[in-house]
Amino acid sequence: MNTKWTYEEIAIIEEMACLYTVKQIAYRLKIKGYTRSTSAIQNKLRFLGYSARPIVDNYNCCEIARVLQLNSATVWSWVNPFG
C-alpha cells in the first residue's frame with residue numbers, strides 16, 4: 001500500500017538528508033509517529049535528489065555537490081555507480 005508522503009515527513013528527510021543514514025532518518029520518523037521502511041526512505045531521497053549514502057571518505061555528498069555547484073544526485077551517482 002502506497003501512503004502519500006506528508007509535508008512533515010519530507011521536511012524531516014530534507015533536514016536530515018546530508019548528515020544522517022537512512023536508518024537514523026527512519027528512527028526520527030518513527031519518533032514523530034510515521035512508519036516508513038528504509039527502502040522507501042532511500043527511494044524518496046533519490047527522488048528528491050539526495051544521496052542515500054551521506055558520507056564519502058569524510059566528505060558528505062551534499063557538501064561536495066555544493067562546492068562543485070552540482071546536484072547532490074550527480075555526486076551520488078559518481079560515488080555509487082551501480083545503485
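This is a predicted model: local features need pLDDT of at least 70, side-chain atom pairs count only at pLDDT 80 or more; totals for chains, interfaces and linings use all residues.
Here, contact means heavy atoms within 4.5 Å of each other.

The buried residues of helix 2 pack against helix 1 and helix 3 (38-48). These buried residues are Val22, Ile25, Ala26 and Leu29. They sit on the same side of helix 2, because the arc they cover around the axis is only 100°. As background, an α-helix has 3.6 residues a turn, so residues three or four places apart point the same way. On the other side of helix 2, the exposed residues are Lys23, Tyr27, Lys30 and Ile31.

**How helix 1 meets helix 2**

The axes of helix 1 (residues 7-16) and helix 2 (residues 22-31) come within 10 Å, crossing at roughly 145°. This crossing is right-handed. On the helix 1 side, the residues that take part are Glu9, Ile12, Ile13, Glu15 and Met16, and they meet Gln24, Ile25, Arg28 and Leu29 in helix 2. Sorted by class, this contact has five nonpolar, one polar and three charged residues.

| Residue | Phi | Place |

Most residues other than glycine have a negative phi. Is Gln69 buried or exposed? Gln69 is exposed, because its relative accessible area is 73% and exposed means over 50%.

Conventions: Residues are numbered from 1 along each chain as its sequence is written. Side-chain values use heavy atoms; hydrogens and water are left out. Axes are lines fitted to C-alpha atoms, for helices over the stretch in contact, and angles run from 0 to 180 degrees between N-to-C directions. Helices (H or I, at least four residues) and strands (E, at least two) are DSSP runs, numbered from the N terminus. A crossing is left-handed if the near helix is turned anticlockwise from the far one by less than a right angle, and right-handed if clockwise. Ala, Val, Leu, Ile, Met, Phe, Trp, Tyr, Cys and Pro count as nonpolar, Asp, Glu, Lys and Arg as charged, and the others, Gly among them, as polar. Buried means under 20% relative accessible area, exposed over 50%, partly exposed in between (1.4 Å probe, protein chains only). The arc is that of the directions from the helix axis to the C-beta atoms.
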